Amino acid sequence: MKLSSRERWRGVSPAPIGIFAALLCTLPAIALIPMAIADGGSHIGHLIDTQLTSYALNSITIVVMTVIGTLLLGVPTAWLTTRYNFPGRGLLSVALPLPLAMPSYIAAYAWLSMTSNGGPFHDLTNGYMPTVSGVAGAAFVFSICLYPYVYLLSRQAFESRGVNSYEAARTLGSSPIKAFWKVSLPLARPAIMAGMALVVMETLADYGTVDFLGTPTFTVGILRAWISLGDPEAAARLALILLVTTLLVFGGERLSRRGQSVAENGGRSKPLQRVSLSSHTALFAILCCTIPVIFGLIAPVWYLAILALETAPVRSPVDALQGTLLVASLSALIAVAVGLGAAYADRTGGWFANVSVRVAHAGYAVPGAVAALGVIALLAAAQSLIDTVFGSVAPLIAGGGIIALLFAYQARFAAAAIGPCESALARIPFTMDRAARSLGASRWAVIRRIHVPLALGGIVTAALLVFVEVMKELPATMILRPLDFETLAVSAHHFASDERLTQAALPSLLLIMLGLPIMILVSWMMSRQQKESAFDE
Amino acid sequence: MNDNVISATGLIKSWRGRRVLDNVDIDLVRGRVTAVLGPSGTGKSTLLRVIAGLENVDSGQVRTADKLLTDGLVLIPPERRNIGLVFQDFALFPHLSAIDNVMFGLVEGSSTMRRELALRQLDSVQMVDKAEAYPHTLSGGEQQRVALARALAPGPDVVLMDEAFSGLDAKLRVELRNTALNALNESGAAVLVVTHDAEEAMFMADELALMVDGKIIQSGPPKDLYLAPQSLASARLLGEVNSWTGPVRDGKLHSPFGSVSIEKAEDNQSATLMVRPEGLILVDNPTGHLDIVETRFLGASIAITVCAVTGETWSSRMPIGSQFRKGMKVDASFTPHLTTTVRSDR
């Protein structure tokens with residue numbers, strides 16, 4: 001149900017916030033286009049001859065293998081933890097999403113080292129375990145770090161949708177496995193697809209992992225062109241190709257969901273009756289749900305902790321820690337303001353605000369390297385404009401420093417805040433707005449007294465998610481950071497790419513230690529919200 | 001031959017320290033509709049889910065004539081019980097068309113045969129022309145019909161209906177109850193209907209069981225239950241009832257609204273008098289001992305509230321056209337078959 005146009009336009013129109021969010025997320029990407037076609041495209045041929053094919057091939061192979069890997073890890077674990085009861089189920093269902101706190105490049109450092117000559121896994125298997133590197137190694141690392149997206153979304157689908165459908169299938173003669181294949185899985189397909197789309201976008205946006213494991217993809221190409229070769233046109237072109245690819249994935253997923261959204265409303269949720277497993281099958285379930293957590297989190301953390309304890313740091317990580325905390329918390333605050341504004345615009349604004357917010361959502365598909373280049377292109381355009389107006393006294397804005405970095409983060413992550421803010425607001429029925437207004441509350445009072453208290457959980461979730469994402473971000477930070485500005489991610493990457501893994505261990509560990517409690521908190525808050533909404537129904 | 005398709009005896013189930021099923025016995029008989037009526041949260045749905053095999057019990061048994069289905073340890077899974085279950089929200093598979101939903105439970109025979117059978121089943125609920133439609137394009141009533149056809153298609157021995165009509169508006173509900181009853185009678189299955197709607201329960205049921213707090217407090221044909229409730233709780237479940245509790249004197253209960261004799265009760269023993277509003281007959285009398293404090297026009301009758309000298313109020317239904325107005329003094333008498341007395345220890 002939407003508000004009528006009379007209700008909508010009385011008072012302040014929130015539409016500009018939606019438009020602002022859309023601009024924030026799309027301008028940098030748009031600014032890339034003139035930069036990419038700056039000298040007529042003579043570079044393209046050269047690009048194709050040299051690198052493009054290998055970037056594309058690596059990207060595609062890694063994406064396909066990662067999708068298969070995350071599906072195999074994410075869907076069965078989600079099914080086991082929602083439908084069955086076995087010892088440790090509660091703990092495991094909280095632990096399974098936690099590898100999200102592990103930046104994949106850090107998992108790559110740890111796994112390469114653990115499986116190389118002299119590493120614990122290498123020794124333990126007498127060298128039979130292949131070293132984690134190259135295309136397969138990258139896919140392995142992405143699978144164990146990104147499967148939580150598939151796990152979380154399919155779990156939510158298994159929990160909330162079609163419990164009755166599953167039971168109906170059982171009463172109509174289907175065995176549990178047949179009911180899973182014929183009913184539950186098809187019903188969860190949109191959610192699983194959404195999880196897969198996130199996995200693909202994250203994989204394509206990654207720079208640290210593929211760079212370290214020696215399988216260059218588009219992001220590596222962009223950073224090489226920009227930093228090593230000083231060739232902004234080539235970088236912009238690669239960035240555009242990457243952007244189009246991620247937008248296609250993003251758009252494709254949205255489109256497929258549109259077709260199924262009506263069909264998804266298959267009934268109210270009901271407390272689940274979990275089936276207890278016999279001791280043999282329980283053991284199997286425990287194994288299935290433990291391995292991803294061990295591979296994605298425990299083993300690398302344990303290994304890095306040992307390295308960090310054994311090595312005296314050559315440089316104090318305090319500066320990097322401060323840098324990370326500064327940009328992550330500022331970005332979280334800005335993102336929540338933007339996200340909340342956009343969600344509000346979507347809730348109460350007209351069609352133009354709605355469309356703007358849809359567009360802003362696409363920011364999620366903008367990889368960090370692309371966002372960073374776009375910000376640079378935008379600033380360069382703005383600079384030349386200022387120069388023509390002010391002449392020689394024009395202030396210098398290109399370069400931009402921390403502000404430019406924060407802008408790029410917003411272009412990439414503001415969309416991550418819009419989602420949770422939207423769903424938090426969406427849970428407040430419009431009848432409550434009307435009830436409050438009829439009781440004499442002004443529009444602002446409705447926001448302050450009804451919306452904010454009810455949506456607080458979603459708002460905090462949004463802030464925490466953006467905090468973690470910014471903290472882990474590497475390529476945009478590499479491109480845009482001022483020379484004297486360091487973050488934990490950049491520091492870890494520099495040490496690791498200089499083959500000084502022991503030195504990379506400490507900043508890596510600090511990153512995980514920051515991210516882990518936040519992820520636990522987010523996971524707890526999300527499950528609480530889910531319980532509440534199930535209770536509401 | 002025993003016609004019991006399913007017998008449940010001594011079912012006990014606790015959940016979070018509360019007894020949701022407290023020693024429940026129920027028989028489901030071929031060709032007969034059994035209804036369980038009770039307020040929300042009394043364990044009706046749990047009983048149904050236990051019979052379906054979707055939940056186990058702490059103790060007690062569910063069995064067919066020759067097979068144990070549930071006894072706290074044994075739990076034959078739902079797919080091996082030959083039951084049909086109709087859910088409150090219908091639980092149609094959103095990714096399958098109406099006909100594919102109905103065909104879902106059909107496994108034997110060629111696909112042409114199964115299709116034909118499914119079409120016949122859809123025809124019996126007047127849904128054959130929407131066979132290819134997807135659930136989200138169907139109205140609530142149509143979804144309900146498809147859900148019923150889907151449950152009946154595999155020829156179940158038992159059909160279980162969980163608040164199956166409560167999602168529909170009043171007019172549609174009446175219409176669908178008729179359709180459902182016809183289709184159920186045709187199928188010859190034993191039927192269990194779980195509902196909180198007294199009218200629905202009495203309309204559907206051959207045998208009615210009243211359930212409160214996990215216990216079946218009374219069961220029998222609906223008419224017997226309505227006319228001879230064994231407790232105030234039973235009487236209230238089936239409709240509005242006036243009641244008065246007091247001591248027995250000289251074999252009679254002397255309420256402020258009138259006196260009735262009570263059998264098998266000793267003096268000073270506490271007992272309750274229950275009179276349905278339509279059994280409280282008012283007579284115009286300027287020197288009467290009851291005051292009319294309110295009248296409401298209900299269409300088919302008038303609802304009248306009378307107040308006794310003690311301040312207690314009862315309600316009565318009188319035919320329209322009767323000249324009762326607020327402020328009049330009246331006397332009351334009770335229609336015998338709408339009046340019941342029970343000792344308070346019952």
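**Ground rules.** I number residues from 1 along each chain as its sequence is written, with chains lettered from A and ligands numbered from 1 in the order in which they are written. Since I am working with a predicted model, local features need pLDDT of at least 70 and side-chain atom pairs count only at pLDDT 80 or more, while totals for chains, interfaces and linings use all residues.

**Entry 1: chain B overall.** I looked up the secondary structure and found 8 helices and 20 strands in chain B (DSSP runs numbered from the N terminus: helices are H or I of at least four residues, strands E of at least two). The C-alpha trace of chain B spans about 80 × 45 × 40 Å along its principal axes. Of the 346 residues in chain B, 43% are buried (20 or more other C-beta atoms within 10 Å of a residue's own; 12 or fewer is exposed, in between is partly exposed, and C-beta atoms are placed from the backbone).

**Entry 2: where B meets A.** I find 21 residues of chain B in contact with 22 residues of chain A (contact is C-beta atoms, placed from the backbone, within 7 Å). Strand 6 (residues 83-86) of chain B gives the most to the chain B side, with 3 residues. By class, that side has 14 nonpolar, 4 polar and 3 charged residues (nonpolar is Ala, Val, Leu, Ile, Met, Phe, Trp, Tyr, Cys and Pro; charged is Asp, Glu, Lys and Arg; the others, Gly among them, are polar).

**Entry 3: two positive phi values.** Most residues other than glycine have a negative phi. B:Arg16 has a phi near 50 degrees and sits in the loop between strand 1 (4-15) and strand 2 (18-29) of chain B. B:Phe90 has a phi of about 70 degrees and lies in the loop between strand 6 and helix 2 (98-103) of chain B. Buried or exposed? B:Arg16 counts as exposed because it has 5 C-beta neighbours inside 10 Å; B:Phe90 has 25, so it counts as buried.

Entry 4: Helix 19 (residues 443-472) of chain A spans only 38 Å between its end C-alpha atoms, whereas a straight helix of 30 residues would span 44 Å (1.5 Å times one less than the number of residues). I located a kink of about 60 degrees in helix 19 of chain A, centred on A:Leu456 (the angle between axes fitted to the seven residues ending there and the seven starting there).

Technical notes. Contact = placed C-beta atoms within 7 Å.
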